[in-house]
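Hi everyone, thanks for coming. Let me put the structure up on the screen, and then we can walk through it together.

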Amino acid sequence: MLDTLATRASHELEIKHSRFIAHAAPITGANEALAFFDAVSVPDATHNCWAYRHGNEYRSSDDGEPAGTAGRPILAAIDGQGYDRVAVLVTRWYGGIKLGAGGLVRAYGGTAAECLRLAERSPLIPMAERILHCGFEDMGIVHTLLGTAGAEKLAEDFLPEGLRLHVRLPADRIDALAIRLRDATRDRLRMSEPDTDE
């Protein structure tokens with residue numbers, strides 16, 4: 001199972017007189033990653049190279065370093081450390097000694113990897129969404145059971161025939177919740193996935 005970061009993290013290394021600082025943060029999407037990069041980039045540094053991964057979406061930037069020597073190694077560090085929903089920016093101040101392509105790959109990737117290795121992890125729990133339909137007479141017990149299952153209410157609509165709820169909860173709790181709701185409402189509640197709901 002993949003992890004994300006529990007909180008922001010940073011790590012600094014000096015390699016052949018060049019100074020590298022990695023900043024990492026948990027993200028909820030591409031826009032948040034790009035905003036994080038804008039916030040932590042250092043305008044007068046030599047390079048601000050970055051990468052992020054959010055599920056199947058990922059991007060990286062070498063910011064003027066030779067192609068493939070900075071952004072991709074940072075992304076490889078994210079993947080190699082078993083992270084998702086994470087953005088990492090590595091800032092470099094040139095110290096007068098050229099590192100070469102292999103040296104840059106090791107410096108950027110290594111700084112990012114060490115930052116992530118030392119950071120506090122938070123497991124990513126697979127979540128699922130469901131639509132629930134219940135009569136007004138079952139509202140109280142449904143809300144109680146949703147609370148004990150750790151479900152988050154995304155939407156609640158009062159319809160003439162009853163209540164329609166859109167909820168999100170850990171995927172591994174759906175089956176148990178469905179059984180409890182069925183038993184508590186004497187099989188009156190209907191549960192469906194959002195894309196199959198009428």
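Some housekeeping before that. This is a predicted model, so please keep in mind that local features need pLDDT of at least 70 and side-chain atom pairs count only at pLDDT 80 or more, while totals for chains, interfaces and linings use all residues. Residues are numbered from 1 along each chain as its sequence is written, and side-chain values use heavy atoms, with hydrogens and water left out.

So, the sheet. Helices (H or I, at least four residues) and strands (E, at least two) are DSSP runs, numbered from the N terminus. Two strands pair if DSSP finds at least two bridges between them. With that, we have an open sheet of five strands in the order β2-β3-β6-β4-β5, with antiparallel pairing. β2 and β5 are at the edges with a single partner strand each, so one side of each has no neighbour in the sheet. From one strand to the next, the twist averages 15°; axes here are lines fitted to C-alpha atoms, for helices over the stretch in contact, and angles run from 0 to 180 degrees between N-to-C directions.

Let's stay with β4 for a moment. It runs antiparallel to β6, and seven bridges join the two; Cys 49, for example, stands opposite Val 90 in β6. With β5, β4 pairs in the antiparallel sense over five bridges. Among the partners there, Tyr 52 is bridged to Arg 59 and His 54 to Glu 57. β4 and β5 form a hairpin with two residues between them, and Gly 55 in the turn has a positive phi of about 65°. How many of the eight residues of β4 are buried? Seven are, where buried means under 20% relative accessible area, exposed over 50%, and partly exposed in between, with a 1.4 Å probe and protein chains only.

Now the helices. α1 lies across β3, β4, β5 and β6, running at about 25° to β6. Helix α2 (residues 71-80) packs on the sheet too, touching β4, β5 and β6, and its direction makes about 40° with that of β4. Which residues of α1 are buried? They are Ala 30, Ala 33, Phe 36, Phe 37 and Val 40. Seen down the helix axis, these fall within an arc of 120°, so they line one face of α1; the arc is that of the directions from the helix axis to the C-beta atoms. As a reminder, an α-helix has 3.6 residues a turn, so residues three or four places apart point the same way. On the other side of α1, Asn 31, Asp 38 and Ala 39 are exposed. The cover over the buried residues includes β3 (18-26), β4, β5 (57-61) and β6 (86-93), with contact meaning heavy atoms within 4.5 Å.

On to the rings. A search of the whole structure finds five aromatic pairs. Rings of Phe, Tyr and Trp (its six-membered ring) pair if their centres lie within 6.5 Å; planes under 30 degrees apart count as stacked, over 60 as edge-to-face and the rest as tilted. One of the pairs is Phe 37 with Trp 50, stacked at 4.5 Å centre to centre and 20° between the planes. This pair links helix α1 (residues 30-40) to strand β4 (residues 47-54), its members being 13 residues apart. Both Phe 37 and Trp 50 are buried. Ring pairs also join Phe 36, Phe 37, Trp 50 and Tyr 52 into a cluster.

Another stacked pair is Phe 136 and Phe 158, at 6.5 Å centre to centre and 10° between the planes. Phe 136 lies in the loop between β8 (127-134) and α4 (139-148) and Phe 158 in strand β9 (residues 152-159), so the pair ties together parts 22 residues apart in sequence. Phe 136 is partly exposed at 41% relative accessible area, and Phe 158 counts as exposed at 53%.

Last, two single residues. His 11, in strand β2 (residues 9-15), is buried at 18% relative accessible area. Leu 163, in strand β10 (residues 162-170), is buried at 2%. Thanks, everyone!
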